[in-house]
Amino acid sequence: MVFEPPKRLVRALGETAPDGDDWLEKLPEAAQRAVALRELTAERVQVPGGRSSLVVLVRAADGTPAVLKLAPGRARPEAERAALAHWAGRGAVQLLEEISTEGVLLLERLHPDVSVRSLPEAKALLEAAGTLRRLWAEPPAGFPFETVAERTGRQAQAMRARAQAAPEVAPLVDVALAAREELLAAPPEHRLLHGTFRQSKVLAGERMPWLAVGPDPVVGECAFDLARLVRDRVEDLIAQPSGAATTRRRVKRLAESLDVDQERLRGWTLFRAVESGVRAGRVGRPRDAELLLEFAGWL
């Protein structure tokens with residue numbers, strides 16, 4: 001079988017490494033080795049797949065369906081492994097092997113084409129939020145994860161640089177950075193978070209109806225994790241005449257359902273939307289940038 005990376009993955013990795021690297025060139029051979037080492041039978045590459053990894057549907061020697069995931073180091077696959085091991089299947093996909101092969105994860109097979117995004121919007125938000133709640137655990141001692149302060153600190157530097165190059169985004173960047181400073185002054189809790197949670201990261205499973213996949217784990221307050229969910233289906237929100245009001249109701253509803261402070265959720269939603277919008281503009285996705293920054297302006 002030829003392990004050809006999907007176009008979506010090639011395009012996304014080009015955004016994060018514009019000067020290129022050799023991970024994609026070595027990927028087919030690395031996938032072959034990973035399959036052979038585990039005596040797996042490869043069925044197909046998942047398409048369109050994710051933006052940071054190659055996902056291959058496989059079967060173990062005994063016929064058990066599984067997923068083989070290969071990711072470059074900059075996607076922090078070892079942090080993902082550590083988080084999945086800590087969750088041990090509680091709300092998230094399970095690891096199926098103890099061995100640690102750098103950048104390679106063997107995972108429980110879920111239904112890769114069925115996410116909560118396929119549900120009506122209100123039901124999707126309810127199911128996604130319930131899944132997210134199960135992930136918010138005490139981090140392990142000596143945890144190998146970034147903190148929210150560390151991750152957003154890196155992001156803040158990139159946002160300031162972009163604001164200098166594109167002055168039209170500077171007012172929103174200033175507001176977002178001020179919100180970050182205020183939020184970091186008194187974080188209410190210290191939890192292991194998914195880090196990149198949204199509806200498409202929650203897939204249908206067998207042992208539980210819905211399970212989270214693809215974490216980029218971080219340690220911090222729960223409102224940071226919930227913030228990304230607030231803007232799910234942002235293109236639909238922007239298209240609605242009542243999009244701004246709908247967004248504010250969503251913030252209130254999610255905050256109340258998960259016992260998160262509403263103002264802290266609004267602040268992290270603002271910061272994360274501006275950060276994503278600025279990054280989209282920087283890597284040449286102007287339409288995404290426009291949607292995200294318009295959304296942020298509602299907050």
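Modeller: The bend at a residue is the angle between two axes, one fitted to the seven residues ending there and the other to the seven starting there. Helices (H or I, at least four residues) and strands (E, at least two) are DSSP runs, numbered from the N terminus. The model discussed here is predicted, with local features requiring pLDDT of at least 70 and side-chain atom pairs pLDDT 80 or more, while totals for chains, interfaces and linings use all residues. Residues are numbered from 1 along each chain as its sequence is written, and side-chain values use heavy atoms, leaving out hydrogens and water.

Biologist: Where is the kink in helix α2 centred?

Modeller: Helix α2 covers residues 23-37, and its kink of about 35° is centred on Glu29. Glu39, which follows α2, has a positive phi, near 55°.

Biologist: Which residues of α2 are buried?

Modeller: In general, an α-helix has 3.6 residues a turn, so residues three or four places apart point the same way. A residue is buried under 20% relative accessible area, exposed over 50% and partly exposed in between (1.4 Å probe, protein chains only). In α2 the buried residues are Trp23, Leu27, Ala30, Ala31, Ala34 and Val35.

Biologist: What covers the buried residues of α2?

Modeller: The cover includes helix α1 (7-16) together with strands β2 (54-59), β3 (65-70) and β4 (104-108).

Biologist: Is Ser53 buried or exposed?

Modeller: Ser53 lies in the loop between β1 (41-45) and β2. With a relative accessible area of 7%, Ser53 is buried. Contact means heavy atoms within 4.5 Å. Once neighbours within four places in sequence are set aside, Ser53 touches Leu9, Lys69, Leu70 and Ala71.

Biologist: How many aromatic pairs does the structure hold?

Modeller: Rings of Phe, Tyr and Trp (its six-membered ring) pair when their centres lie within 6.5 Å; planes under 30 degrees apart are stacked, over 60 edge-to-face, and the rest tilted. The structure holds four such pairs. One of them joins Phe143 and Phe145, which are stacked at 6.3 Å centre to centre with 10° between the planes. Phe143 is partly exposed at 25% relative accessible area, whereas Phe145 is buried at 6%.

Biologist: Which residues form an aromatic cluster, and which charged end sits over the ring of Phe224?

Modeller: Phe224, Trp268 and Phe271 make up one aromatic cluster. A charge sits over a ring if NZ of Lys or CZ of Arg is within 6 Å of the ring centre and within 35 degrees of the ring normal. Here the charged end of Arg272 is placed over the ring of Phe224, 4.2 Å from its centre.
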